[in-house]
Amino acid sequence: MAITAEKSNNTPLRKILKSSPVPRSLKYLRLNSQKAMRERKKRSMTTASLMVITMGSGNPLPVGFFFFEAGLFRAVAIELSVAAKVQGYANMHTQPGNSYKIYLPLNFHFLFKSDINIRPTMGTIVTTGNKGKGVRSDCFITLELTDQGGMLLQVESKVAALYGTDIRKKITEMMNFFGIVNATVHIEDSGALTPVIAARLEAAIHKATKTDKEYLIPMLEENKYVTTRDRNRFSRLYLPGNTPSLMINAGIHKPDGIILDLEDAVAPDKKDEARFMVRNALRGIDFYGAERMVRINQGERGLDDLDYVIPHNVNLILLPKCESPEQVHAVNDKIKKIKKKTKQDDPVWIMPIIESALGAIRAAAIATAADNVSSLAIGLEDYTADIGTRRTPEGNESFVARNMVVMAARAAGIQPIDSVFSDVGDMEGLRQNVLRSKALGFDGMGCIHPRQIRVIHDTFAPTPDEIAKAQKIVHAFDVAQERGLGVVSLGTKMIDPPVVKRAFNTINLAVKMNKLDENWRETYEQV
Amino acid sequence: MSKYDKLEKNAAGRVVPTVINGRPAIPFQGIGKYKPTGYKAAPKIVSCADFPEDGNKVVPNLKEALIKAGLRDGMTISTHHHFRNGDLVAGQIFDIAHEMGVKDLMWFPSASFPCHEPMTKYLDDGTINRIEGSMNGALGRFTSEGKMHGLGILRSHGGRYQSVQDGEVHIDIAVIAAPTADPFGNCNGVNGPTACGLLGFALADAQYADKVIVVTDNLIPFPCLPWQIHGNYVDYVVVTDQLGIPEKIVSGTTEITKSPDRLLLAEWSAQFCDEAGLIHDGFSFQAGAGGTALSIGIYFADILRERGWKARFARGGSNKYLVKMLEEGLVEYILDGQTFDLEGVRSMRENPTHTWTSPFTSYNYHGKGNFASLIDIVILGATEVDVNFNANVVTHSDGYLLHGIGGFQNCLFGKTVILPIPLFRDRIPVIRDEVTTLCGPGELIDVIVTERGIAINPRRTDLIEKMKNSKLPIRPIEELKAEAEKICGVPEKPKFSDEIVAVVKWVDGTVLDSIRRVIS
C-alpha cells in the first residue's frame with residue numbers, strides 16, 4: 001500500500017492519533033513539514049526504530065509508533081519525543097537493505113500491512129563498548145546525533161528492573177553535560193557498573209563530536225594512595241584495558257599490582273575507547289590496595305595515553321618495548337607537564353619493559369634513565385620473536401637477556417621483574433618458572449590470570465629455611481647491638497652488613513606474608 | 001474456580017492465600033510448628049484379575065495408554081525430571097492431550113527445564129491449567145507475567161513427596177520414563193541407552209497415582225533388575241524410540257569452576273569448614289553439582305587425603321569427582337538423589353556403596369526422620385539472601401520466576417548450611433534488605449561466603465567463637481550488603497501487581513510466600 005506524505009497536521013496517522021487514546025506516557029508529538037522531509041531525503045539515516053509502548057496496569061494494550069526516514073518513497077515521518085518514562089518498549093534496529101513486516105495493532109494495521117523497505121541513509125552514528133554472548137558487566141552504546149527532535153533514549157538492560165532509572169539518569173546527565181540536545185542513544189547493557197557506562201558513553205560522545213570536555217566520575221577515597229619505590233612487586237596482574245568484567249574483582253585476589261593494559265591487550269580499533277575505560281577504572285574501581293599500573297602504548301599514542309591516566313592517581317607506568325633512555329625521558333617529560341598542570345605531587349613510577357635485543361643491550365642506560373624508574377621488566381614473548389627464535393620452558397634463548405636485565409636493575413638499585421608465564425593451566429610449570437626466576441635474581445613477574453598469583457607469591461616468598469637463617473642473623477645483629485659491638489657474628493663467622501640487610505628484608509617479607517609472626521623475637525630461641 | 005482467595009499474613013510476615021485453586025491451604029506457621037493430622041493418602045485397591053496374567057502390560061503407544069488410563073479434563077498428570085534438559089516424553093503427553101481436546105490438566109513435574117518451553121502454548125490454550133512443581137526459564141517467565149490460568153505452586157523435592165503422601169495432590173496419571181523396563185513394568189534408570197542413574201523422583205508417582213504408565217526405549221525380558229520402580233504399581237508399558245537426548249541428560253555443570261572468583265569462594269568455604277572443625281574423620285557432606293560446589297568437594301578431598309580421614313557418606317547429585325572420592329576411599333558411601341553425569345551412572349551400577357535414594361528417604365518432612373538432617377555440612381546456592389539470612393532460590397531480583405526449589409529447602413535441615421555466593425552478579429547485589437521471594441528461612445542458614453567476606457548468622461554463636469581468630473574475612477552481613485550497593489548502586493525494587501501468580505510451599509505443605517505478577 002502506498003504511503004503518501006500529506007500536510008503535517010492532517011496525515012492519516014495524525015488523524016488516527018487524534019481519535020484514539022493518547023498514551024499517558026506520550027508528552028508530545030511533532031510531525032515534519034514537507035519541506036523538512038525533502039531536506040531529509042538528502043541526508044541519510046541508517047536506523048529506524050520501532051517502539052511499542054504499553055499503557056498502564058491491567059492488560060497492556062500495545063500501541064505502536066515508529067519513526068523512519070525514507071530515501072526513496074514519500075512517507076509520513078513522525079518525530080516522537082517521549083519525555084516521561086515509558087512502561088515498556090522494544091526496539092528493533094533495521095539493517096540496510098532488509099525488508100520488514102510490521103504489524104501494528106488496531107487502528108494502524110491498514111497503514112502498514114505490506115512490507116516496508118527501509119533504505120539506509122548516512123548520519124553521525126557511532127558505537128562503543130561490547131555486546132554479545134559471553135559479554136558481561138559491559139554495555140554497547142549506539143549514539144546518533146541529530147539536528148532536531150530532542151533526546152531519544154533507548155535502554156535495553158538485563159538489570160532494567162533494578163537500575164533502569166539510574167541508567168537513564170546517568171545518560172541524561174552526561175548528555176546535558178556535553179551540551180547535546182538532539183540525539184538518539186541506544187544502550188544494550190549487560191550489567192555494566194556506572195563507571196563503565198560513563199566511559200562508554202563519553203567515548204561515544206568524543207567519537208561523534210570534537211569536544212575536549214571530560215566527564216569525571218568521583219574518585220573513590222580508597223584509590224587515593226601512593227606507592228613506594230621499593231614496594232613488593234612479586235605479582236602484577238595484566239587486565240585488558242577494554243574488558244571491564246575482568247577489572248571488577250581483580251583486587252580481591254590480592255596481586256601486588258594490577259596493570260590496566262592499553263597496549264597489546266586492546267584491539268587497534270578499540271584503543272580510543274579503552275582510554276576512557278582505564279581512566280574510569282582508576283577513579284571508580286577499588287583494587288583493594290594493589291599498585292595501580294597502566295601499560296601505555298608505544299610512541300606518540302603512548303604519550304597521549306598519559307593524558308588519560310596521570311591525573312587519576314596512577315601509581316606506575318609501564319613503558320613497552322623500551323630501547324633507549326630517551327623514551328623514558330619523553331614519558332617523564334610528559335608526566336611532569338601533566339602533573340604541573342594538575343598540581344600533583346605524588347610520585348609516578350616507571351617500569352620500562354625490555355622486549356628486544358637492542359633494549360637488552362641498553363638495559364643499564366634505561367635502568368638509570370630517571371629517578372622515578374623503580375623497576376626494569378623483561379617481556380620474553382616479544383624478545384624471543386625479536387631475536388628470531390621462540391620461547392622454551394628451559395629459557396636458554398633468553399638467559400643472557402634476563403641476566404642483563406637483572407644486572408642492570410641491581411646496579412641501578414631498582415627491582416628486576418621477570419616476564420609472564422603464558423600457560424594458565426600449568427601450575428607446576430609456573431612454580432618451576434618462578435624458582436628459576438628467583439634463582440636468577442628477579443624480584444617478581446607478570447601474571448595473566450588470578451590463579452597464578454598464589455603460586456607466584458608462595459614461590460617468591462622466603463622458604464622456611466631462608467626464614468630460619470634470617471632469624472639467626474637478625475638475632476645475632478640484635479645481640480651485637482645490645483653489647484655495643486660493631487661486628488655481627490654467628491659463631492666464629494662474621495656476617496657482612498649487606499647480608500644483615502638482606503636478612504632483615506627476608507624477615508620483613510616473611511612477616512608481611514604471614515609466614516612469621518611479627519613478635520617472633522619474644523619467643524625466639526637460637527638453636 | 002478462582003485461582004486463590006482469603007489472604008493472610010503468615011508467621012514469616014508474608015501475605016499468602018489460604019484458598020488455592022479452590023482448595024484450602026495452611027499458611028506457614030514457623031519451622032517445625034505445623035504438625036499434620038490424619039492418615040496418608042492411598043491409591044485405590046485393584047485386582048490382578050484386571051491385569052494380564054502373562055504380566056505383559058505393553059500397549060502400542062503412549063496415546064493408547066493415556067486413553068486406557070482415562071485421560072480427561074481436569075486431571076493431574078505427573079512426570080519426573082531425571083532426564084533434565086534431554087527429556088522427550090513430557091512434551092508428548094500434552095501433545096496427545098491437546099490433540100484429544102483435553103483441557104485444564106494440572107502438570108505435576110518434579111522439575112522443568114528449558115526443553116519444556118513448548119509447553120507454554122498448552123498453558124496458553126488451556127490444555128494445561130497450571131503447573132505445580134517448578135517453573136523454570138520460559139515457563140517461569142510465562143507464569144510471572146500472569147498468563148497461567150490456575151495458580152502455580154512451587155514445592156521442594158521433599159515437599160512434592162509430602163504433598164502426594166498427604167493427599168494434598170492426587171495424581172490421576174503418572175507417566176514414568178524409564179531407561180530400562182520389562183513388560184511387567186519393573187524399571188530402573190541405570191541401564192539402557194538413555195540411562196539416567198535412578199528414578200527416585202518417580203517413587204511417589206508410582207506409589208500413589210491412580211494409573212501409572214511406564215515409557216521405555218529399552219524393553220527387556222522379565223525380570224528387570226534392579227527394580228527401582230516395581231511393576232506392581234504399573235498399569236501400562238509403552239515402548240518408544242527414544243526417551244531422551246543422552247548428551248542433554250547429563251548436566252553441563254559437572255566440571256569444577258575455572259572462574260577465579262568462584263574458586264576463591266570454594267577455597268574460603270572449605271577453609272571455613274576446616275577452621276570451624278566441621279570436617280573430621282567420619283563427617284558427611286552434600287555439595288551439589290554446580291561449578292563452585294564441585295570445587296569445594298575437591299578441597300574437602302584434599303583435606304581428607306592429607307589427614308588420612310574418610311567421610312562416612314556424601315549426598316549427591318553424584319558426579320565424576322564424587323565418584324573418584326568414593327573409589328579412592330575418601331568417602332565410604334554415596335547416597336544419591338540424582339546422577340549428573342555418566343560417571344555417576346556407571347558408579348551406581350558398579351559400586352555397591354553408591355546407592356540411590358528418593359525424596360522419601362532423603363527429604364520427606366512428614367515422615368519418621370529423613371537423611372537431610374543427618375548431614376554435617378551442606379553447600380547450597382541462592383539467587384538472593386537478606387540481612388536476616390533468609391534466602392531466595394526461585395526468582396531473581398527483577399521478580400521473574402526462573403528456577404525451581406529443588407532440594408534447597410530440604411537441605412536446610414543439615415547441621416551447618418553454607419551458601420557460597422558472589423556478592424553481586426552482573427551488577428545485581430545478592431544481599432538485600434528483604435528477599436524478593438522467601439524460600440529458605442534465615443534460622444536455618446548459617447554462613448554466607450562471598451568473595452569480599454564471610455557472614456556468620458548471629459544465631460551460630462558456636463561458629464562465631466570458633467572463627468574469632470581466623471584470618472578469613474569474617475564481616476557482618478550488613479557491611480557486605482553496603483559494599484555491594486557501593487559498587488553497584490542501590491537497586492530499585494521491581495514493580496509487582498497485587499495479583500498473585502504462584503506460591504512457594506514449605507517442606508510441611510504450608511504456604512511460605514506468594515509470587516506476584518511482574519509489571520513490565
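**View 1. Salt bridges between chain A and chain B.** Five salt bridges are found by the rule across the interface of chain A and chain B. The structure shown is a predicted model. One salt bridge joins Glu222(A) to Lys486(B). In this pair, Glu222(A) and Lys486(B), the closest N and O atoms are 2.2 Å apart.

**View 2. Polar contacts and the chain A side of the interface.** Between chain A and chain B, the rule finds 16 residue pairs in polar contact, with both residues at pLDDT 80 or more. Three elements of chain A give two or more residues to the side that touches chain B: helix 3 (160-177), helix 4 (194-208) and helix 13 (451-460). Of these, helix 3 of chain A gives the most, with seven residues. Sorted by class, the side of chain A that touches chain B has 13 nonpolar, 13 polar and seven charged residues.

**View 3. Contact and buried area between chain A and chain B.** On the chain A side 33 residues are in contact, and on the chain B side 29 residues. Together the two chains bury about 2,400 Å² between them. Carbon and sulfur atoms account for 48% of that area. Which three residues supply more than any other three of the area that chain A buries against chain B? They are Leu162(A), Tyr163(A) and Ile252(A), which supply 27% of it.

**View 4. The two domains of chain B.** The domain assignment divides chain B into domain 1 (54-250) and domain 2 (260-497). Their C-alpha centres lie 29 Å apart. The contact between the domains takes 33 residues from domain 1 of chain B and 31 residues from domain 2 of chain B.

**View 5. The interface of domain 1 and domain 2 in chain B.** About 2,600 Å² is buried between domain 1 of chain B and domain 2 of chain B, and carbon and sulfur atoms give 62% of it. How many salt bridges does the rule find across this interface of chain B? The count between domain 1 and domain 2 is zero. Polar contact, however, is found for 13 residue pairs between these domains, both residues being at pLDDT 80 or more.

View 6. Helix 4 (137-144) and helix 5 (157-165) of chain B each supply at least two residues to the side of domain 1 that touches domain 2. Helix 5 of chain B gives the most to this side, with six residues. By class, the side of domain 1 of chain B that touches domain 2 has 10 nonpolar, 18 polar and five charged residues.

Definitions and conventions
Residues are numbered from 1 along each chain as its sequence is written. Chains are lettered from A and ligands numbered from 1 in the order in which they are written. This is a predicted model: local features need pLDDT of at least 70, side-chain atom pairs count only at pLDDT 80 or more; totals for chains, interfaces and linings use all residues. Side-chain values use heavy atoms; hydrogens and water are left out. Contact means heavy atoms within 4.5 Å. Buried area is the accessible area (1.4 Å probe) that two parts lose on being put together, summed over both. A salt bridge is a side-chain nitrogen of Lys or Arg within 4 Å of a carboxyl oxygen of Asp or Glu. A polar contact is a pair of N or O atoms within 3.5 Å; within protein, one must be able to donate a hydrogen and the other to accept it, and residues adjacent in sequence count only if both atoms are side-chain atoms. Helices (H or I, at least four residues) and strands (E, at least two) are DSSP runs, numbered from the N terminus. Ala, Val, Leu, Ile, Met, Phe, Trp, Tyr, Cys and Pro count as nonpolar, Asp, Glu, Lys and Arg as charged, and the others, Gly among them, as polar. Domain bounds come from an automatic or database domain assignment.
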